[in-house]
Each structure stands twice: as C-alpha cells, then as structure tokens.
Amino acid sequence: MGNGLAGHTVLVLGGRHLGTAIADAATAEGAKVHVASHRPGGLHIDLRDESTIAAAAAELGEVDHLVNTAAAPHAAPVRELDRDKTVDAFTAKVIGPLLLAKHFTIRRSLLLFSGQVGWRPARGSVVTGVTNGAASFAARHLAAELAPVRVNALSPGIIDSGAWDAKGDAKADFLANAAQRTLVGRTGTVADVTDTVLWMLQAEFLTGETIHLEGGRP
C-alpha cells in the first residue's frame with residue numbers, strides 16, 4: 001500500500017454516478033481532485049475531440065492519478081448496430097484513454113474502467129463486451145508503454161450506482177436476480193467501487209492488471 005492520497009492531484013473523467021463518488025472519496029482522502037466531463041461547466045474534456053484533451057492537459061499540467069469512468073454503451077444486435085454509437089463506445093473506453101495518455105503527464109497511475117460483460121458474451125452486447133475487454137488490454141499495454149507509471153483496469157459487476165435507475169419498477173427485480181448470481185449474495189455498492197479505486201491508486205506494486213469486482217460471480 002502507498003502513503004495515501006494526501007497532496008496528490010487526481011483527475012476523474014466522467015462526472016456522473018461512479019465518477020462523482022470516486023471524486024468525493026479521493027477528496028476525503030486529502031487529494032486535490034478535478035472532475036472533467038463533456039457536459040457544460042467545470043473542466044471540459046470531450047473524448048471525441050482531441051483538442052479538448054490537449055487543452056485540459058495544458059491547463060492542469062501534471063497530475064498524479066487519472067481515472068477514466070467515461071462510457072458510451074451501445075447495446076444492440078450486430079445487424080442493428082449504429083456506426084456512430086459504436087465509434088463513441090470505442091472512443092470512451094479505448095481511443096479516449098490512449099489520447100489521455102498521449103497528452104497528460106501522469107506521475108503515478110492511470111486507472112481505466114472495464115466491465116464484466118467483456119468476459120461474458122451475450123446476444124446484443126457485442127459492442128459493450130468488446131470495448132470493455134479492450135479497455136483491459138489497453139491497460140496492460142499502456143503499463144508497458146508508460147512505465148514506471150502504473151496502469152490498471154477495474155472491471156465491476158452489477159453496481160447499484162444509479163446507472164440502473166432507468167429500469168424504473170423493474171430495477172428491484174433486476175438487482176435481486178443479479179445478487180443471486182454472486183457468491184456473496186448481493187450486488188455491488190458505490191462504496192465497494194470507491195474503496196477498490198482508492199486501493200488501486202495507492203497499490204504501488206500493481207500494474208498491467210485488471211481487478212474483477214463482481215462479488216465472486218462464477
């Protein structure tokens with residue numbers, strides 16, 4: 001374990017759901033945190049526009065840790081794929097992080113977000129699955145490219161973060177069914193994710209790895 005995040009600068013990409021929670025948790029640990037998003041207000045980074053990445057990097061200078069939670073899921077059967085949405089999905093998980101690594105000077109660690117669907121193929125999830133799997137491969141290759149900067153990926157399972165609220169009345173049944181497929185008998189919480197992220201940012205012997213935070217789902 002490292003020496004904590006006090007005095008470290010942390011940049012979090014993606015200000016919704018988990019991104020906001022990670023920013024709050026890092027702030028509570030004493031880090032100076034910046035949250036970037038493509039939405040108006042705050043630090044502007046649109047991973048689809050390299051010039052915004054370059055501008056933000058020039059504005060911030062060096063950062064100790066960079067965490068990318070950005071995602072643009074496109075759940076559709078292959079014959080119904082939308083090309084632009086497919087490109088956006090790859091940009092959020094793969095192309096964008098490569099450009100972040102290109103422009104930002106990172107002193108300590110880069111953390112990418114993958115996801116369990118990358119290892120569990122299913123109909124209608126090919127884009128989401130491939131982009132999540134690619135995020136893990138990107139972390140492994142960037143770890144070699146950027147060393148001694150540590151680069152890792154976190155692959156969460158089903159997390160009750162607010163991302164599933166759109167299911168409305170069906171959300172409770174969805175989470176209950178997901179809980180039954182884990183070994184711990186529950187779905188993940190935001191705290192599960194933030195605790196793991198804080199550990200990964202400080203784990204000085206961890207690089208090129210993907211941590212599967214899935215409650216032991218077989």
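Here are some friendly notes on the predicted model above, in numbered points.

1. **Ground rules.** This is a predicted model, with residues numbered from 1 along each chain as its sequence is written, and side-chain values use heavy atoms, leaving out hydrogens and water. Local features need pLDDT of at least 70 and side-chain atom pairs count only at pLDDT 80 or more, while totals for chains, interfaces and linings use all residues.

2. **Fold order.** The protein chain has six helices and seven strands; these are DSSP runs numbered from the N terminus, with helices being H or I of at least four residues and strands E of at least two. Reading from the N terminus, the order is β-α-β-β-α-β-α-β-α-β-α-α-β.

3. **Overall dimensions.** The radius of gyration of the protein chain is 17 Å, which agrees with the value near 17 Å for a compact globule of 218 residues. That radius is taken over C-alpha atoms, and the globule rule is 2.2 Å times the number of residues to the power 0.38. Along the principal axes, the C-alpha trace spans about 45 × 40 × 35 Å.

4. Of the 218 residues, 48% are buried (buried is under 20% relative accessible area, exposed over 50%, partly exposed in between, with a 1.4 Å probe and protein chains only). Among contacts (heavy atoms within 4.5 Å) with a separation of 6 or more, 68% are between residues 24 or more positions apart. The accessible surface, from the Shrake-Rupley method with a 1.4 Å probe, comes to about 11000 Å², and carbon and sulfur atoms hold 54% of that surface.

5. **Helix H2.** In H2 (residues 50-60), Thr52, Ile53, Ala56 and Ala57 are buried. Seen down the axis of H2, these buried residues fall within an arc of 135°, so they line one face of the helix; the arc is that of the directions from the helix axis to the C-beta atoms. Their cover includes strand E3 (43-44) and helix H3 (83-103). Ala58 and Glu59, on the other side of H2, are exposed. Just after H2 comes Gly61, with a positive phi of about 75°.

6. **Helix H5.** The buried residues here (H5 is residues 171-180) are Lys171, Leu175, Ala178 and Ala179. Viewed down the axis of H5, they fall within an arc of 100°, so they too line one face of the helix. Asp173 and Gln180 are exposed on the face turned away from the buried side. Phe174 also lies in H5, and touches Ile158, Trp164 and Lys167, leaving aside residues up to four places away in sequence.

7. **Ala153.** This residue sits in strand E6 (residues 150-156) and is buried, with a relative accessible area of 0%. Leaving out residues up to four places away in sequence, Ala153 touches residues including Leu111, Leu112, Ala135, Met200 and Ile211. Ala23 is 130 residues from Ala153 along the chain, and their C-alpha atoms are separated by 17 Å.

8. **Backbone spots to check by eye.** A cis peptide bond joins Ala147 and Pro148, with omega of about 10°. Pro148 is in the loop between helix H4 (126-146) and E6. His17 is not a glycine, yet has a positive phi of about 50°. His17 lies in the loop between strand E1 (9-13) and helix H1 (18-28), and is partly exposed, with a relative accessible area of 33%.
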